[in-house]
Amino acid sequence: MATEDTDPEPTEPESTEPTDAEPVEAESTFVGVADADELREQGRMVARAGNRALALFHHEGEFRAVANRCPHMGFPLSEGTVDDGVLTCHWHHARFELSCGDTFDPWADDVQTFPTEVRDGEVYVDPHPDPDLPPVEHWTDRLETGLEEGLRLVVAKSVLGLADEDVPYTDPLRQGLAFGARYRADGWGRGLTTLAVMANLHDEVRPEDRTRALYAGLSEVAENAQGEPPRFEQPAFSTRDLTRDRLESWFRETVEVRDDDGAERCLRTAIETLDPEAVADILYTAATDHLYMDAGHTFDFVNKACEALDHVGWEHAPEILPSVIPRLTGATRYEERSAWRQPLDVAGLVFDAYDELPGLVEDGADETWSAPEGFADTLLSDDPEELVTAMKAAIQNGATPAEIAGEVAHAAGVRVARFGTSNEFGDWDTVHHTYTYANAVHEAALRTDSTAAYRGAFAGAMSVYLDRFLNTPPTPIPDGSEVETPDDLRTELLGLFDEEGEVDSAGRLVAAFLADGGDPAELKRALGEGLLREDADFHTRQNVEAAFEQFDLADDPERARVHLVATARYLSAHAPTRRSAEQTYTIADRLNRGENIHESD
């Protein structure tokens, strides 16, 4: 870590030349830094050896040298207290064993120590000792500590330290996924989903925001695991003579009866014997045996686990993928909710469509479908039977799972874009849940092209129907003509996020920028920056990532625009926040660059 020359003035040694009585080999790296008698008398002083600012101590008859910057937040350790072999920093009371630098406090990190010698009345220090650990290993270990202890500052420092060593983002991502999957008995949750979301946003945000995104995801994993017991793994079956159909049947049955252990043994066997696409399809099928489980979170979490493995490699599926099982076995099944049964039995409509799917798919096997005029409006209609009939006709006429799921995801995006701010604030989450569920189903359809995506699309379409009152009256989707195109999109958009109540203004600004031919990548970077500086909740992060994905998948600019308008409105509704996580990251970044945090700006 670099140091600034802002520590107390170093004491210049009288001479760095070796004496005749005590010759020093030419290859010695030791340099003279202080007069031994003066250091004995004063007890401490600050010196510089090359580019290193050192805190020198004479304690219990020994000369000691440590880096003068406290590894926690950079306070000069020369201003600390030494007692009974322990050096204590006065800023946050981090304690260090003086001879080796090891900390008593995991949040502080160890301080570097330097070998000392006395030669002809002068203290010599080796300013370049071999490190106890290579930097990559050190920061990897520190990241594990940050995850275990829930220390955001340690996580931020570790991410920045690994990036400085050119470690690919997939390495700390894999570490975070493995940690979250193992140390949370309840399985895959908001922490791991946030981490997967941030991985998906990696290439969309500004380069300088990529470590910030990784920090946000890893910090959420750490927080989500705090106080949770670990998961205990069940083994795969020892036999390998099992067909895919039998494994799928067993897995779905164990999920049906909420048998976590049996489901895990089936899934682990599938991972060891089947290809990734087949494994994903089995999970998607189980996630659609019931309707809209856990407000769509179950399917979304399963899909995010698959997407995370796309980043780090499916060879890590055995340690990561079984964590989704508690989401399947413990989920609320929405056909049991009154809204799906009364006053209309919309759950029954969906299950009837499930039963007809094999015949519909067979009828459309040789057909090519394109959405007829008004199809999108039908999905947003007030008649659930009409929308189910339209979807069944589409499948019968050759609509693929991805085509149907894409239409439903667009309809769900329209609900967010048209959300009326006269509704209760919590209702943002209602339209949001449908949106992220529909996005996950669309992504699943692109991964496996399976019947499960048809089923998920029917459930998603019914959730779009149930959300209809939140567009009453519908907020008009801006076409870009309401305001002038901004000269500086980033400044204006972030300025809107600095103020409460600018939901519609944010939507109009985004629409104007896109209508005028603005670069979508620039808009995404601005939205990403706005997201990452906030103490954004789990849903806001999900929403932005889903909107970016749906924007990229849309082949019509007008349809694509809906998604970025929708997420700009959603993000604006949930900003500004206290931005405490950003403050922590900024501190870590400044420390990483060698700045002094303890001094006033």
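Let's start with Glu582 and Arg212, whose side chains meet in a salt bridge at 2.7 Å, N to O. Keep in mind as you look at it that this is a predicted model. The pair links distant parts of the chain: Glu582 sits in helix H24, residues 580–592, while Arg212 belongs to helix H6, residues 210–225, and the two are 370 residues apart. Are they buried or exposed? Both Glu582 and Arg212 are buried.

With a relative accessible area of 19%, Lys392 is buried; the cut-off for that is under 20%. Glu356 has a relative accessible area of 35%, so we call Glu356 partly exposed.

The other joins Arg533 and Asp498, again through their side chains, at 3.0 Å from N to O. Where do these two residues lie? Arg533 is in helix H21, residues 520–533, and Asp498 is in the loop between helix H19 (489–497) and helix H20 (503–515), so parts 35 residues apart in sequence are tied together. Arg533 counts as buried, at 15% relative accessibility. Asp498, at 35%, counts as partly exposed.

Now for some helix packing. Two packed helices are described by the angle between their axes and the distance between the axes.

The axes of H5 and H6 come within 7 Å and cross at roughly 170°. Angles over 145 degrees count as roughly antiparallel, and therefore H5 is roughly antiparallel to H6. On the H5 side, the contact is made by Arg190, Gly191, Leu192, Thr194, Leu195 and Met198; the H6 residues include Ala213, Leu214, Leu218 and Val221. Sorted by class, the contact of H5 with H6 has eight nonpolar, four polar and three charged residues.

H13 covers residues 346–363, and its partner here is helix H18, residues 451–466; their axes come within 10 Å and cross at roughly 150°. H13 and H18 are therefore roughly antiparallel as well. The crossing of H13 past H18 is right-handed. From H13, residues such as Leu349, Tyr354 and Leu357 take part, and they meet a set in H18 that includes Tyr454, Phe458 and Met462. What classes make up this contact of H13 with H18? There are 13 nonpolar residues, one polar and one charged.

Among the contact residues are Ala402, Ala405, Ala409 and Ala412 of H16, along with Trp428, Tyr435, His442 and Leu446 of H17. The contact of H16 with H17 divides into 14 nonpolar, five polar and one charged.

Conventions. Residues are numbered from 1 along each chain as its sequence is written. This is a predicted model: local features need pLDDT of at least 70, side-chain atom pairs count only at pLDDT 80 or more; totals for chains, interfaces and linings use all residues. Side-chain values use heavy atoms; hydrogens and water are left out. Axes are lines fitted to C-alpha atoms, for helices over the stretch in contact, and angles run from 0 to 180 degrees between N-to-C directions. Helices (H or I, at least four residues) and strands (E, at least two) are DSSP runs, numbered from the N terminus. Angles under 35 degrees count as roughly parallel, over 145 as roughly antiparallel, 65 to 115 as roughly perpendicular and the rest as oblique. A crossing is left-handed if the near helix is turned anticlockwise from the far one by less than a right angle, and right-handed if clockwise. Contact means heavy atoms within 4.5 Å. Ala, Val, Leu, Ile, Met, Phe, Trp, Tyr, Cys and Pro count as nonpolar, Asp, Glu, Lys and Arg as charged, and the others, Gly among them, as polar. A salt bridge is a side-chain nitrogen of Lys or Arg within 4 Å of a carboxyl oxygen of Asp or Glu. Buried means under 20% relative accessible area, exposed over 50%, partly exposed in between (1.4 Å probe, protein chains only).
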